[in-house]
Amino acid sequence: MTRQSHVVPTATTGDTAWQHPATRRACQVRFALHLLGVPLGLAASVVVFVVILPTPMWLIWILVMMHLIAGICGVCFLQVPRVSRMFGLRRILRTYPWQVHEGGLPHSTGQRYSAHRGMSWFKVPDPDEPGSWVSVYLDRSRRTRWWLERMSVQAGREAKAEIRTLWFAGDPRFRAVLAVPGRRGPRRMLEVPRAVGQGTTVEQPGLASDEALIRALKAGAPLSELARPAEASGRTPLVRAPAPPPGPALSFPATRRSMRLLLLRGAAVLVVAPLPFLWLLSLGPFGFAGGKGLGMLLLATVVPAFQRLRTRFKLRRNVRGDGQPWRMLDVEIRHRGRAVVLVTGNEALRTQLALRRPPAGRVQVWFAGHLHGDGVVSLRADGAVVPVRCVEKGRARPRWEA
């Protein structure tokens, strides 16, 4: 990295921006301001209105209620999103190093009928393809107002000089942080691109390498299952399964038996779920509020159980009516919490919560149903079924599958 007159991160290649002391200090100060801003502001206003100014008691209660409502709204709509963004910034800074661009980065406020859809943008070098650039867009909001004013063509010389030297940490295709240097570290830190920061999924990462994808996942980029790198691919052998039996899948005894067990379990859950609430109601009369609360809890328990049982009956009817046979699928098993994700070709199938999860790796499984809808899979290739549904479709490795 090149050096400049301001505080410059001394991280070398392979280090992270979080190892820069000034960066940690700036993030801690910003986090404290976001965390304490709303409570301190409300406390100061309460002190001014209640203690300093002579106010009647009835007006004090009205002001206290108004401050309480304002505090709840401020915490929910201002403080929580800001603190969440700070955790996202810290995650990025813990993954990527700072890059110092002395001459700034190409930028524009965007024209209405331009190829950039009239949005303001910065162009950042592509980390996996030297000589090419990736555009990151800035939406118009209070957070980006400072940046947009200095990117404008009408901005003065002093204003433009503030973004002449930029710090950049991250991958412009996934998640990154843009900042300007200050006397005590980075300031005006902004997460880009904004669309990824809002939680949308990155579907086409372009020429991203597996290493770049792994770092993006570590930084919290919401990659789809099909875009995630196959960490076990090429290192774990393909476990081959025996050939499936001919004929419809439900003609196989183990399949019929396991399907009946699924239906019986769903029916048992539907019957047992309301028993605790019925027992509470039998103890004695409840007030309107108590009875309404128990009724809401009863509905929240019974409705999901009924929907799951209905889905299993529908799945059994579809597989039985179409006469779907068992067929072999080469899949890669990935674990996402208690669920199991099966990636095969251009599809990603997510199972329901599995108590017994097979080890991750490349295996062959039996599948019956529709890849573009619901189906059943036999993870052990013995006919015991597990319901699955297709959650993602597209190209599993769009342009980097050479």
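The model is predicted, so local features need pLDDT of at least 70 and side-chain atom pairs count only at pLDDT 80 or more, while totals for chains, interfaces and linings use all residues. Residues are numbered from 1 along each chain as its sequence is written, and side-chain values use heavy atoms, with hydrogens and water left out.

**Nonpolar cores**

- A nonpolar core is a set of buried Ala, Val, Leu, Ile, Met, Phe, Trp, Tyr and Cys residues joined through side-chain atoms within 4.5 Å; buried means under 20% relative accessible area, exposed over 50%, and partly exposed in between (1.4 Å probe, protein chains only).
- The largest nonpolar core has 24 residues, and the members that touch the most others are L93, W98, F174, V177 and M189.
- Two or more residues of this core come from each of α1 (21-52), α2 (57-93), β5 (166-170), β6 (176-182) and α6 (210-218); helices (H or I, at least four residues) and strands (E, at least two) are DSSP runs, numbered from the N terminus.
- The biggest share comes from α2, which gives 4 residues.
- A second, separate core has 17 residues, including V136, W147, F168 and A176.

- R188 is not a glycine, yet its phi is positive, at about 55 degrees.
- You can find R188 in strand β7 (residues 185-192).
- R188 counts as partly exposed because its relative accessibility is 43%.
- A381, also not a glycine, has a positive phi of about 55 degrees.
- Look for A381 in the loop between β12 (374-378) and β13 (386-393).
- With a relative accessible area of 7%, A381 is buried.
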